[in-house]
Amino acid sequence: MGSSSLSEDYRLCLERELRRGRAGVCGDPSLRAVLWQILVEDFDLHGALQDDALALLTDGLWGRADLAPALRGLARAFELLELAAVHLYLLPWRKEFTTIKTFSGGYVHVLKGALSEDLLIQSFQKMGYVPRDNHRLMVTAPPPAHQLLQVALGCFALRLECDILGEVLTQLGTSVLPAEELLQARRGSVDVASCVAWLQRRLALPPRGSPAVFRAQLDLYRGLQEDEGSEEPSLYGGHSPGPGSPPSELACRPLPWEQSAKLWGAGAEAWEPLAEAVVPRASSPPYVALEDDALGPEAFSFLSLRRELLSRPGDLAAPKVPGSPGRASPQHVHGPLPEPPGYQAHSCLAPGALPSLCCDTCRQLHAAHCPTLPVCRLSHVLRALLGDTQRRLWLQRAQVDTLLYDSPGARP
């Protein structure tokens with residue numbers, strides 16, 4: 001898939017969300033999975049997208065002792081840059097999007113906290129922003145729509161690159177290593193496993209855990225003091241209506257590579273947008289609060305699997321001989337447990353292949369190019385499975401579900 005095809009798919013994703021009343025960064029799980037796979041196999045795609053990946057990643061990671069928090073900061077910065085480009089592309093008539101305040105909370109905390117000032121100005125200049133004074137960037141001549149779309153797609157690819165590098169660090173077992181070693185290994189590898197293997201041969205480092213992340217919402221269009229003093233910050237300054245910040249349980253949710261116990265739960269979504277602008281309507285505010293989808297399946301873990309197995313002694317235990325001491329001992333009575341339907345691997349997955357997407361509606365695991373995905377994408381709940389670790393665990397879950405619920409004697 002070339003850059004032109006990716007650009008078209010990205011455009012369709014943005015316009016599909018706009019028809020639903022939302023104007024925000026791309027969150028389509030199928031496009032995310034496809035682009036993830038292409039980037040993993042070919043780092044040079046960044047060159048075709050003209051996203052200055054090597055310069056930006058080197059600038060953001062250079063000299064950092066721990067690369068994991070630096071990657072999280074870079075991902076948020078690229079997300080905010082993508083959001084700025086998307087706003088100009090979808091809503092060019094909105095005057096508040098034509099001015100970036102360089103003393104705003106988003107600019108100070110997110111952008112300048114991750115990238116140098118020169119590279120930030122260069123990135124905004126691609127969107128048509130020029131420095132007006134020491135405190136503002138303004139769009140004087142809007143660039144062509146296809147240029148804004150290309151910039152937004154490049155920022156989307158950079159966000160995914162941060163996720164890929166984070167997966168490498170997770171499998172490596174440490175995030176304390178020189179940035180140049182990580183980037184050199186990433187550029188010379190064709191998948192996450194080979195990148196990790198190269199680093200393991202090159203370095204001998206003790207494993208190190210990743211700290212939690214706090215994802216507080218910030219914006220580019222207001223001053224820093226306004227952000228700190230407002231209980232409901234939004235992308236608009238002044239008296240613009242509409243709630244802005246997500247609930248605290250969403251704001252503090254860890255990123256994909258940090259999820260463990262919540263890997264199988266309804267909250268284990270692959271990605272959450274930083275903010276979404278809503279197309280203005282006659283009777284609705286420009287922002288709407290994020291609403292949780294319907295609750296997904298019960299969280300899976302091998303502890304819950306063990307409890308499930310132990311709750312069915314008649315299925316698994318050896319039959320007792322009448323009159324044996326086992327019959328005299330009291331039996332533990334378990335109440336009826338609701339039996340969730342199991343996940344299954346779709347027929348598009350070849351034996352041994354790892355899934356790229358999980359449909360929580362039809363409860364099947366799909367490959368990235370499954371021909372039935374267009375049907376699921378219309379009305380089903382899809383989630384992208386990022387990294388070999390998460391994909392392998394989901395495939396193992398499907399195999400366990402098959403053993404539990406489809407084998408003879410597993411059902412009452």
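Predicted model: local features only at pLDDT ≥ 70, side-chain atom pairs only at ≥ 80, totals over all residues.
Residues are numbered from 1 along each chain as its sequence is written, and side-chain values use heavy atoms, with hydrogens and water left out. Local features need pLDDT of at least 70 and side-chain atom pairs count only at pLDDT 80 or more, while totals for chains, interfaces and linings use all residues.

Take helix α1 (residues 3-19) and helix α8 (residues 145-172) to begin with: they pack at about 95 degrees, their axes 10 Å apart. That puts α1 roughly perpendicular to α8 (a label for angles of 65 to 115 degrees). Where they touch (heavy atoms within 4.5 Å), α1 brings in Ser 3, Leu 6, Ser 7, Tyr 10, Arg 11 and Leu 14, and α8 supplies Leu 149, Gln 150, Ala 152, Leu 153 and Phe 156.

Next comes helix α4 (residues 53-61), whose buried residues (under 20% relative accessible area, with a 1.4 Å probe and protein chains only) are Ala 53, Leu 56, Leu 57, Gly 60 and Leu 61. Seen down the axis of α4, these fall within an arc of 115 degrees, so they line one face of the helix. They pack against α3 (45-49), α5 (67-90), α7 (117-126), α8 and α9 (179-187). Just after α4, Gly 63 has a positive phi of about 80 degrees.

As for disulfides (cysteine sulfur atoms within 2.5 Å), the count is zero. Cys 26 has its nearest cysteine sulfur, that of Cys 13, 3.0 Å away; Cys 26 is buried, at 1% relative accessible area. For Cys 358, the nearest cysteine sulfur belongs to Cys 359, 7.1 Å away, and Cys 358 is buried too, at 0%.

Definitions and conventions:
Axes fitted to C-alpha atoms, helices over the stretch in contact; angles between N-to-C directions. Helix = DSSP H or I, 4+ residues; strand = E, 2+ residues; numbered from the N terminus. Parallel < 35°, antiparallel > 145°, perpendicular 65-115°, else oblique. Buried < 20%, exposed > 50% of the residue type's maximum accessible area, 1.4 Å probe, protein only. Arc of directions from axis to C-beta.
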